[in-house]
Amino acid sequence: QVQLVESGGGSVQAGGSLRLSCAASGFTYGTYSMAWFRQAPEKEREGVAARDSTGDTYYADSVKDRFTIFRDNAKNTLYLQMNSLKPEDTGMFYCAADPAYYIARVDRLRDYAYKYWGQGTQVTVSS
């Protein structure tokens, strides 16, 4: 049974940093493509960062040069390092995974490309 558990969310002032973690279990971790999504209040869920099993990463324009997605295969954990946080980064952050070894670039930040989801962790950035 695939399970994704996010942690690391919290409240921070603008300009601050947070590191989110996603502990994965129930599948061969290194072979899955994974991503982080964000859902702000009253807005649709949007892809933030993705990393497939080839090591290729992809970011939404709004977070480029501020966020970094990386994984530790030995710990079965996906991370999202978030720096220079802005109030518009506020939202529930979700970890997602899919058995696909590779996801086409156009689909990497689309929620339909991922089969498994965590319960989310809240990030609040104040101005």
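Colleague: Which residues are linked in a network of salt bridges?

Modeller: R38, E46, R66 and D89 form that network. Bear in mind that this is a predicted model.

Colleague: How far apart are the closest N and O atoms of R66 and D89?

Modeller: The closest N and O atoms in the R66–D89 salt bridge are 2.8 Å apart. This pair connects distant parts of the chain, with R66 in the loop between β6 and β7 and D89 in the loop between β8 and β9, 23 residues apart.

Colleague: Is R66 buried or exposed? And why?

Modeller: R66 has a relative accessible area of 9%, so it is buried, the cut-off being under 20%. D89 counts as buried as well, because its relative accessibility is 1%.

Colleague: How many salt bridges turn up in the whole structure?

Modeller: The search finds eight. One of them joins R108 to D52, with 3.5 Å between the closest N and O atoms. R108 sits in the loop between β9 and β10 (116-117), and D52 in the loop between β5 and β6 (57-59), so to speak of sequence, 56 residues apart.

Colleague: Are R108 and D52 buried or exposed?

Modeller: Both R108 and D52 are buried.

Colleague: What does R105 meet in a salt bridge?

Modeller: The partner of R105 is D56, at 3.4 Å from N to O. Here too distant parts of the chain are linked: R105 belongs to the loop between β9 and β10, D56 to the loop between β5 and β6, and 49 residues separate them.

Colleague: Why does R105 count as partly exposed?

Modeller: Because its relative accessibility is 41%, and partly exposed covers what falls between the buried limit of 20% and the exposed limit of 50%. D56, at 28%, counts as partly exposed too.

Colleague: Changing topic. How many disulfides does the structure hold?

Modeller: One. C22 and C95 form it, and their sulfur atoms are 2.1 Å apart. C22 is in strand β3 and C95 in strand β9, so the pair ties together parts 73 residues apart in sequence.

Colleague: Is that disulfide left-handed or right-handed, and why?

Modeller: Left-handed, because the torsion about the S-S bond of C22 and C95 is about -75°. Both cysteines, C22 and C95, are buried.

Colleague: Now the core. Which residues have the most contacts inside the largest nonpolar core?

Modeller: W36, L80, M82 and F93, in a core of 36 residues. The strands that each supply at least two of its residues are β3 (18-25), β4 (33-39), β5 (46-51), β7 (67-72), β8 (77-82), β9 and β11.

Colleague: Which strand gives the most to this core?

Modeller: Strand β9, with five residues.

Colleague: And β11, which side chains there are buried?

Modeller: T121, V123 and V125 are buried and point to one face of the strand, residues 121-126.

Colleague: What runs parallel to β11?

Modeller: Strand β2 (residues 10-13) does, joined to β11 by four bridges. Within that pairing, V12 stands opposite V125.

Colleague: Which strand pairs with β11 in the antiparallel sense?

Modeller: That is β9 (residues 91-98), over three bridges. F93 in particular has T121 of β11 as its bridge partner.

Terms used. Residues are numbered from 1 along each chain as its sequence is written. This is a predicted model: local features need pLDDT of at least 70, side-chain atom pairs count only at pLDDT 80 or more; totals for chains, interfaces and linings use all residues. Side-chain values use heavy atoms; hydrogens and water are left out. Buried means under 20% relative accessible area, exposed over 50%, partly exposed in between (1.4 Å probe, protein chains only). Two strands pair if DSSP finds at least two bridges between them. A nonpolar core is a set of buried Ala, Val, Leu, Ile, Met, Phe, Trp, Tyr and Cys residues joined through side-chain atoms within 4.5 Å. A salt bridge is a side-chain nitrogen of Lys or Arg within 4 Å of a carboxyl oxygen of Asp or Glu. A disulfide is a pair of cysteine sulfur atoms within 2.5 Å.
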